[in-house]
Amino acid sequence: MSADIDVITLGHRIRHFRTEKGMTLSDLAGASGISTSQLSLVETGKREPRLSLLGVIAEALSVPLTDLLKNEAPDPRSALEVEISRFQGGPLFASLGLEPVRPSAGTPSATLETIAGLYRELDRRARLAIATPEEARRANNEIRLRMRGQNNYIPEIEAIAEERVKAAGHTIGALSHREVSVMAEQLGFTLIYVNDLPHSARSVTDLANGRIYLPPASIPGGHGLRSMALQAMGHRILEHRRPLDYAEFLQQRLEINYFAAACLMPRGAAVEFLQQAKRERNLSVEDFRDAFGTTHESAALRLTNLATSHLDMTMHFLRISDDGAVQKGYENDGLPLPVDATGAIEGQIVCRKWSARTAFDHENRTTEFYQYNDLPTGTYWCATQTGTTSSGSFSITTGVPFAESKWFRGAKRPRAASRPAPTSRAAARRPPSSPTGGATAPGRAHVCTPTSCRRCPPAPSRASTTPRSSASWRSTPTRSDRRRRSGRLAVSFSRRRARRAARSRGRRVAAAECRERRARRRSRGREHPRPFGRRAPRRRGTHRGRPEAR
């Protein structure tokens, strides 16, 4: 028999057809030529029958063999019994140490539904409890890759959001709080703003009484009140059920965030606004944000939803913390993002010369910071806006390849703020290096190379580039250069003279100590005569064989 056949479902299907024919266990066992006890074990799923025996049973029941081998339960009650039997045969139920429930013909179907519901909830909580950070990162990475494959665009949710916004009476401009309340009323909910929400909850939905509880103010650096209300309604509109694992939880969260953004910035009005800005070569996340009254992060993410499908351009999005770690990221333009062993980008540190990090060094943070980044995969133009939350600062970066930068405001006025103006004549004369040499050309804030950045992919080596022309930058040393060089020479000469004096002083001290030791030995009569063949010692009171002058 095939390994795909479920023995429990097979037993319930045999029992279903047997009872339909009005046959007892003894009648079917006699017609099949097997014992009643053996047939009972087959119906309860405790014994796997041979295919030849199944053919005999199917012939006795006057049904095709394929009907017996189907994996679907024959009726809803049998489906509940199969679900309960499967759970009670698993390791989770065995760890509880409880006696299994044996459904009988007299057990009400409502009781079976309650038992199956309890088992489902136990299984869901067990799956969430054993979700490790590696599994969560892997699930998040799978969703990111899937969204990149569809250009971060979900047309089904776009259509649902447009329909709901039109039904609320919205025509133009930003979606108002009153229109969001109307959308909630159309679903049978009332928005209530309270101060005592749990710290870990953005909103609480009371399905029984039709209420959505929200905080009294927006979350700084996060979600606005309209967005949080739309996210809570999104679960109802998109018909989400309780997630079974962390991957399904992340997918549902992505869908409600997408729904909220599609309502705040409806597809028709948003595409018309962006296409007009592109024709004028004045695309900007700032203008898109202000036109629809959303946060900068929501506007940047919404731009990634519509850029490829409606504006015919690829782009990337990054949210970076003040320590350089990636919190969110999306790209379909080939930007090389740092990844870990599982392929996840969350928590990875980006290059400190990227605009996502250099923007923190600027005093004026009220407007976007523009910068070009030269990478081995190409040149990218980036616009970065910084913000602050209770947990620290963060930056929101959107960028496009160099060929698409002409449509954005700020692409013609790049700020190379990471290269300050020279403060000396020598620094002013220092020539700019080639793009692969580690320094940036005018209008470029950073070029990633192996010497300047260890986190970015390697660039071509300096030895492979054209050598710098020495004639064009050769100049006569200034007075300060000559003075600096003469000072270094004087210091070097003084050090050599000091070392020679120290060596001479050491030799004189060693000779004096040697003479003193020999004098002490002579005074004690322990001076040993020199060996034969050597010159005899001088007599006391003589100098070089001559009598000492008195």
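Strand β4 (residues 316–321) is largely enclosed by the rest of the structure, because six of its six residues are buried, that is, under 20% relative accessible area with a 1.4 Å probe and protein chains only. The model is a predicted one, in which local features need pLDDT of at least 70 and side-chain atom pairs count only at pLDDT 80 or more, whereas totals for chains, interfaces and linings use all residues. Residues are numbered from 1 along each chain as its sequence is written, and side-chain values use heavy atoms, with hydrogens and water left out.

The side chains of β4 are divided between two directions: His316, Leu318 and Ile320 point one way, Phe317, Arg319 and Ser321 point the other way, and all are buried. Strands here are DSSP runs of E with at least two residues, and helices are runs of H or I with at least four, numbered from the N terminus. Strand β4 runs antiparallel to β5 (residues 326–331), to which five bridges join it; pairing requires at least two DSSP bridges between two strands. His316 has Glu331 as its bridge partner in β5. Four residues lie between the strands of this hairpin, where Gly324 takes a positive phi near 90°. Strand β8 (residues 392–401) is also antiparallel to β4, with six bridges joining them, and Thr397 in β8 is the bridge partner of Leu318.

Helices α15 (residues 285–292) and α16 (residues 296–310) have axes that come within 9 Å and cross at roughly 110°. Axes are lines fitted to C-alpha atoms, for helices over the stretch in contact, and angles run from 0 to 180 degrees between N-to-C directions. The two helices α15 and α16 are therefore roughly perpendicular to each other, a class that covers 65 to 115 degrees. Val285, Glu286, Phe288 and Arg289 of α15 meet His296, Ala299, Ala300, Arg302 and Leu303 of α16, contact meaning heavy atoms within 4.5 Å.

A separate element is an open sheet of three strands in the order β1-β3-β2, with mixed pairing. Strands β1 (190–193) and β2 (204–206) stand at the edges with a single partner strand each, so one side of each is left without a neighbour in the sheet. The twist averages 25° from one strand to the next. Three bridges pair β2 with β3 (residues 211–214) in the antiparallel sense, and Arg211 in β3 is the bridge partner of Asp206. Helix α12 (residues 225–237) packs on the sheet and touches β1, β2 and β3, its direction making about 145° with that of β3.

Overall, the protein contains 19 helices and eleven strands, and 39% of its 550 residues count as buried.

How values were computed. Buried < 20%, exposed > 50% of the residue type's maximum accessible area, 1.4 Å probe, protein only. Parallel < 35°, antiparallel > 145°, perpendicular 65-115°, else oblique.
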